[in-house]
Amino acid sequence: MSIEVNNESSAPAIDEEELARLGRYLLDSLYVHPEADLSIILVDEDAMEKLHIEWMDLPGPTDVLSFPMDELRPGTAGRITPAGVLGDIVLCPQVAARQAQDAGHETQDELLLLTTHGVLHLLGYDHAEPEEEKEMFGLQRRLLSAYTGKEAPKETRS
């Protein structure tokens with residue numbers, strides 16, 4: 001499994017190794033093939049705003065964007081996904097820091113939440129409809145709580 005973390009942001013004190021460990025944990029937990037590739041990129045607000053406008057036609061920076069590649073879906077214990085390129089997750093630490101402050105937790109905790117959220121989007125989960133939101137956010141909380149050993153922070157919206 002290849003998980004690449006590229007910090008192109010000016011944000012201080014990002015634990016990139018922990019983001020990679022979380023990525024490995026999530027892919028293992030969701031039975032994604034061990035040869036699947038995942039990229040996590042951290043960018044500043046200007047770069048995120050450009051991506052947000054280009055891909056979502058929405059103004060301003062956002063917290064996380066996901067760009068799936070091979071449209072992999074979660075596997076099961078008896079049937080893992082095929083090998084492939086899962087895709088890219090783009091995080092904006094400055095937006096994450098504001099959301100973390102508003103929610104009363106650390107920026108790194110918010111980045112872990114956003115990474116989990118991004119991986120789930122790469123695997124086809126969505127939250128456009130109430131039932132989808134319930135499923136995705138429930139799985140997100142369970143995975144993150146199991147990884148950290150503590151209650152997962154609540155989902156924030158930018």
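## Salt bridges, histidine site and overall fold

Glu45 and Arg98 are joined by a salt bridge in which the closest N and O atoms are 2.7 Å apart. This pair connects distant parts of the chain, with Glu45 in helix H2 and Arg98 in helix H3 (residues 93-103), 53 residues apart. A salt bridge is taken here as a side-chain nitrogen of Lys or Arg within 4 Å of a carboxyl oxygen of Asp or Glu. The structure is a predicted model, in which local features need pLDDT of at least 70 and side-chain atom pairs count only at pLDDT 80 or more, while totals for chains, interfaces and linings use all residues. Residues are numbered from 1 along each chain as its sequence is written, and side-chain values use heavy atoms, with hydrogens and water left out.

**Salt bridges**

By the salt-bridge rule the count comes to two. Side chains of opposite charge can pair when their charged atoms come close. The second salt bridge is formed by the side chains of Asp109 and Lys150, at 3.6 Å from N to O. Asp109 belongs to helix H4 and Lys150 to the segment after H5, so this pair ties together parts that are 41 residues apart in sequence.

The burial classes follow relative accessible area: buried means under 20%, exposed over 50%, and partly exposed in between, with a 1.4 Å probe and protein chains only. Glu45 is partly exposed because its relative accessibility is 25%, and Arg98 is likewise partly exposed at 41%.

**Histidines and polar contacts**

An unreviewed UniProt entry places the feature "binding site" at His117, His121 and His127. UniProt positions are given in the numbering used here, feature names are shortened, and annotations may be inferred rather than shown by experiment. His117 is located in helix H4 (residues 107-122) and counts as buried because its relative accessibility is 5%. His127 is found in the loop between H4 and helix H5 (130-148). The side chains of His127 and His117 are joined by a polar contact of 3.2 Å. A polar contact is a pair of N or O atoms within 3.5 Å; within protein, one must be able to donate a hydrogen and the other to accept it, and residues adjacent in sequence count only if both atoms are side-chain atoms.

Helix H4 also holds Glu110, which is buried with a relative accessible area of 0%. Ser9, in the loop between strand E1 (2-7) and helix H1 (16-29), is buried as well, at 13% relative accessibility.

| Side-chain pair | Distance |
|---|---|
| His127 and His117 | 3.2 Å |
| Glu110 and Gln99 | 2.8 Å |
| Ser9 and Asn7 | 2.6 Å |

**Surface patch and loops**

Trp55, Met56 and Leu58 form a nonpolar surface patch with about 330 Å² of accessible area together. Patches are made of residues with over 30% relative accessible area and no salt bridge; like charges are joined within 9 Å and nonpolar side chains (Val, Leu, Ile, Met, Phe, Trp, Tyr) within 5 Å. Accessible areas come from the Shrake-Rupley method with a 1.4 Å probe, and for residues only the protein chains shown count as cover. Leu58 lies in the loop between helix H2 (45-56) and strand E3 (64-68) and is partly exposed, with a relative accessible area of 40%.

Asp70 occupies the loop between E3 and strand E4 (85-91) and is partly exposed at 44% relative accessibility. From C-alpha to C-alpha, Asp70 and Gly84 are 6.2 Å apart in space and 14 residues apart in sequence.

**Overall fold**

The protein has five helices and four strands, and its elements run β-α-β-α-β-β-α-α-α from the N terminus on. The radius of gyration is 15 Å, close to the 15 Å that the globule rule gives for 158 residues, so the protein is as compact as a globular protein of that length. That radius is taken over C-alpha atoms, and the globule rule is 2.2 Å times the number of residues to the power 0.38. Helices (H or I, at least four residues) and strands (E, at least two) are DSSP runs, numbered from the N terminus. Of the 158 residues, 47% count as buried.
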